[in-house]
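Please consult the sequence and the structure while reading.

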Amino acid sequence: MVDGFPAAISFNVSHGGRHGLIAVAPGGRLGVDVEERVARRDLDGLIGTAFAPQEQADLAALRGSRRLHAFYHVWTMKEALLKALGTGLSRDMSGFEIPASLRRGMATETFRFPWMPEVRWRLLDLGNEEFAAAIAHELPRDEETAELPEAAT
């Protein structure tokens, strides 16, 4: 906000390990997350508390590196959405589910939080084998599609 008016641009920043992500958009709320795909001690605990039931079931069917890859894939999208909302990890991540199309490998999809269905978001997966990364960008209410923000990793 500048003098009570929304800023003309949005930006968000994330870093994880040796990777960083910066996104800039001409407007709309924006969130990003990047995480190195490294093993965690309490992966099961995080899945149990941060993921919705169907996301948990999807991960339960996977083993080894495929499970770790899928965990970070979903985690970065959830964190990017919460950063775009401005709540960060203070909001319960298990209260919403990443669309199945994105969990199964689609690169981009629209999303709506269950508690605010009037707001649409564009989710974009930017990850590779070394790191997981995602961008969440609020779409204009009067447009079906919007330009995705620029990103650098």
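A residue counts as buried if its relative accessible area is under 20%, as exposed if that area is over 50%, and as partly exposed in between. By this definition Phe-111 and Phe-113 are both buried. The model is a predicted one.

**Aromatic contacts**

- Across the whole structure, the search finds nine aromatic pairs.
- One of them joins Phe-96 and Trp-115, with 6.1 Å centre to centre and 75° between the planes, an edge-to-face arrangement.
- Phe-96 belongs to the loop between H3 and H4, whereas Trp-115 belongs to the loop between strand S4 (108-113) and strand S5 (116-125); the pair therefore ties together parts that are 19 residues apart in sequence.
- Phe-96 has 2% relative accessibility and so counts as buried, the cut-off being under 20%.
- Trp-115, at 33% relative accessibility, falls between the limits of 20% and 50% and therefore counts as partly exposed.
- The ring centres of Phe-111 and Phe-113 lie 4.9 Å apart with the planes at 90°; because planes over 60 degrees apart count as edge-to-face, this pair is edge-to-face.
- A single aromatic cluster is formed by Phe-96, Phe-111, Phe-113, Trp-115 and Trp-121.
- The ring of Phe-96 also has the charged end of Lys-78 sitting over it, 4.4 Å from the ring centre.

**Nonpolar core**

- In soluble globular proteins, nonpolar side chains tend to be buried together.
- Here the largest nonpolar core has 31 residues, and those with the most contacts inside it are Phe-51, Phe-71, Leu-81, Ile-98, Phe-113, Trp-121 and Leu-123.
- Two or more residues of this core come from each of helix H1 (43-50), H3, S4, S5 and strand S6 (131-138).
- H3 supplies the largest share of this core, twelve residues.
- Phe-113 and Trp-121, listed among the core residues with the most contacts, are also members of the aromatic cluster.

**Largest pocket**

- The volume of the largest pocket is about 300 Å³.
- Its lining comprises 18 residues, of which Leu-62, Ala-70, His-73, Arg-103 and Arg-104 are the closest to the pocket centre.
- Helix H2 (53-60), helix H3 (64-85) and helix H4 (100-103) are the elements that give two or more residues to this lining.

Conventions
Residues numbered from 1 in each chain as written. Predicted model: local features only at pLDDT ≥ 70, side-chain atom pairs only at ≥ 80, totals over all residues. Heavy atoms only, no water. 1 Å grid on protein atoms, 1.4 Å probe; cavity = no way out; pocket = protein on both sides within 12 Å on 5 of 7 lines; lining within 4 Å. Points joined across faces, edges and corners; volume = space filled by probe spheres on them. Helix = DSSP H or I, 4+ residues; strand = E, 2+ residues; numbered from the N terminus. Phe/Tyr/Trp six-rings, centres within 6.5 Å; stacked < 30°, edge-to-face > 60°. Buried < 20%, exposed > 50% of the residue type's maximum accessible area, 1.4 Å probe, protein only. Lys NZ or Arg CZ within 6 Å of the ring centre and 35° of its normal. Core = buried A, V, L, I, M, F, W, Y, C linked by side-chain atoms within 4.5 Å.
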